[in-house]
Amino acid sequence: MSEIAEAELRKISGGFNPDKGNWFHRGLDLSRPTEITPEEIAAFKGHYGSQFGVPMSGLDWWLDQSPEVLKRYRLYCSLTLRVEPAVMGGGTLAFYMLMGYVKGTRYVMHSFLNDGLSKAQAMEMIAIAFVHAGPRGMETIAEAMQDLEFPEVPEPAARFPKGWAPDIDAFRSGIDYSTVDLTAEEKASLYDWYLRTIGEIPPYVRFMAEHRPRLLKTHRSRIENMLYVLPKQVWPTAMLYYHVMSRTAEGIRENVLLCKAWGVSKSDTLDVVGNALVYGQVEAATMVQNEAGDIFDGWQD
C-alpha cells in the first residue's frame with residue numbers, strides 16, 4: 001500500500017463500504033486480518049496522529065501483540081461509521097468527560113477541530129455534553145482544551161448531513177424563561193410540544209411536571225437556549241449516542257423519535273446506535289429493541 005498523505009488520512013474518518021471492493025480503512029487492509037505490513041502500521045498510526053491529534057497507545061499495543069485482534073475490531077468499528085464523512089452528534093464527548101478521560105476528551109475535540117467546527121459550534125458541543133457530564137466533566141474538558149483553539153471562521157467549514165440546519169425555534173415550547181414556576185398554561189404548552197414533535201410525552205416529563213415542575217422548567221430552559229449555530233439534529237443524535245453508550249435505556253425512545261421527526265435518516269440514526277455500541281456492546285442493542293424497535297420497524301426513509 002502506498003503512503004497516505006496527511007490530508008487523505010484526515011478524510012478517512014468516516015466508515016467504508018466493503019461492497020465497493022476497497023477494504024482499506026484508517027490505513028489497515030481489513031480484508032487480510034491475519035497479516036499486517038510496516039506500511040499499514042505507519043498509516044494506522046499516522047491517521048490517529050492527524051485526525052485525533054494524539055497517538056492511541058492502547059490500540060498501537062495490539063500492533064505488536066496481535067494485529068488480528070486489532071483488525072477484526074476495526075472492521076466492526078468501521079462498519080458503524082457513516083460512509084460519507086459528516087459531523088453528527090457524538091455522545092463520546094460526554095462519556096469521556098464524565099469518566100475523567102482527559103486524553104480521550106482531547107482527541108474528540110481535536111477531531112471536531114479537524115472536521116471544521118467553529119469556536120461557537122465547539123462550545124455548543126461542549127454544552128450538550130455538559131448536560132450529562134456535569135461539573136466533573138467540566139474539569140476534564142478544562143484540562144483537555146488547554147492550547148486547543150478553534151477558529152471563529154474555519155476553512156473549510158464542517159460538513160453536516162444533507163438537510164441538517166440550525167433551528168433554535170424547533171426547541172421552543174412556549175415557556176417563559178424569566179420565571180422558574182411552571183404554570184398550568186406552560187405545562188399544557190410543553191405537553192403539546194412533545195405531542196406535536198414526537199407524538200408522545202416521555203414518562204420523566206410527566207413525573208417532573210407533577211412533582212418537581214421547577215426542575216423540569218429550568219431543564220427545558222437549558223435545552224431551548226443551547227443550539228444557535230449547530231444544526232438542531234445534533235441534539236438527538238448526541239443524546240441517543242450517549243444513552244446507548246452508557247446503557248441508559250430511558251433516554252433512547254425520545255431521541256430516536258426526535259431523530260425521525262427532525263429529518264435524521266434511518267441509516268444515520270442506526271449508525272449512531274451502531275457506533276455507540278462500540279462501548280455499549282452488541283448486548284445493549286436489546287435496549288434499543290425494547291425501547292424503539294417498533295419505530296425502526298416502521299421507518300421508511
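Reader: Is Leu-30 buried or exposed?
Author: Buried, at 4% relative accessibility. The cut-off for buried is under 20%. Keep in mind that this is a predicted model.

Reader: Where is Leu-30 found?
Author: Leu-30 sits in the loop between strand S2 (28-29) and helix H2 (38-51).

Reader: Leaving aside neighbours within four places in sequence, what is Leu-30 in contact with?
Author: Phe-16, Trp-23, His-25, Lys-71, Arg-74, Leu-75 and Ser-78.

Reader: And how many Å apart in space are Leu-30 and Val-244?
Author: They are 26 Å apart, C-alpha to C-alpha. In sequence, 214 residues separate Leu-30 from Val-244.

Reader: New topic. At what angle do the axes of H13 and H14 cross?
Author: Roughly 175°. The axes of helix H13 (residues 266-280) and helix H14 (residues 285-297) come within 12 Å. Angles over 145 degrees count as roughly antiparallel, so H13 and H14 are roughly antiparallel to each other.

Reader: Which residues make that contact?
Author: H13 gives Lys-266, Thr-269, Leu-270, Val-273 and Leu-277. H14 gives Ala-285, Val-288 and Phe-296. By type, the contact has 6 nonpolar residues, 1 polar and 1 charged.

Reader: Now the second largest pocket. How many residues line it?
Author: The lining has 19 residues. Nearest the pocket's centre lie Tyr-204, His-219, Trp-235, His-243 and Glu-254.

Reader: Which elements give two or more residues to that lining?
Author: Helices H7 (119-144), H8 (184-197), H10 (213-223), H11 (234-245) and H12 (252-261).

Reader: How do the lining residues divide?
Author: Into 10 nonpolar, 6 polar and 3 charged.

Reader: And how much space lies in the second largest pocket?
Author: About 280 Å³.

Note on methods
Residues are numbered from 1 along each chain as its sequence is written. This is a predicted model: local features need pLDDT of at least 70, side-chain atom pairs count only at pLDDT 80 or more; totals for chains, interfaces and linings use all residues. Side-chain values use heavy atoms; hydrogens and water are left out. On a 1 Å grid over the protein atoms alone, a cavity is a set of points where a 1.4 Å probe fits but cannot get out, and a pocket is an open set with protein on both sides within 12 Å along at least five of seven lines; lining residues have an atom within 4 Å of a point. Grid points are joined across faces, edges and corners, and a volume is the space filled by probe spheres set on the points. Helices (H or I, at least four residues) and strands (E, at least two) are DSSP runs, numbered from the N terminus. Ala, Val, Leu, Ile, Met, Phe, Trp, Tyr, Cys and Pro count as nonpolar, Asp, Glu, Lys and Arg as charged, and the others, Gly among them, as polar. Axes are lines fitted to C-alpha atoms, for helices over the stretch in contact, and angles run from 0 to 180 degrees between N-to-C directions. Angles under 35 degrees count as roughly parallel, over 145 as roughly antiparallel, 65 to 115 as roughly perpendicular and the rest as oblique. Contact means heavy atoms within 4.5 Å. Buried means under 20% relative accessible area, exposed over 50%, partly exposed in between (1.4 Å probe, protein chains only).
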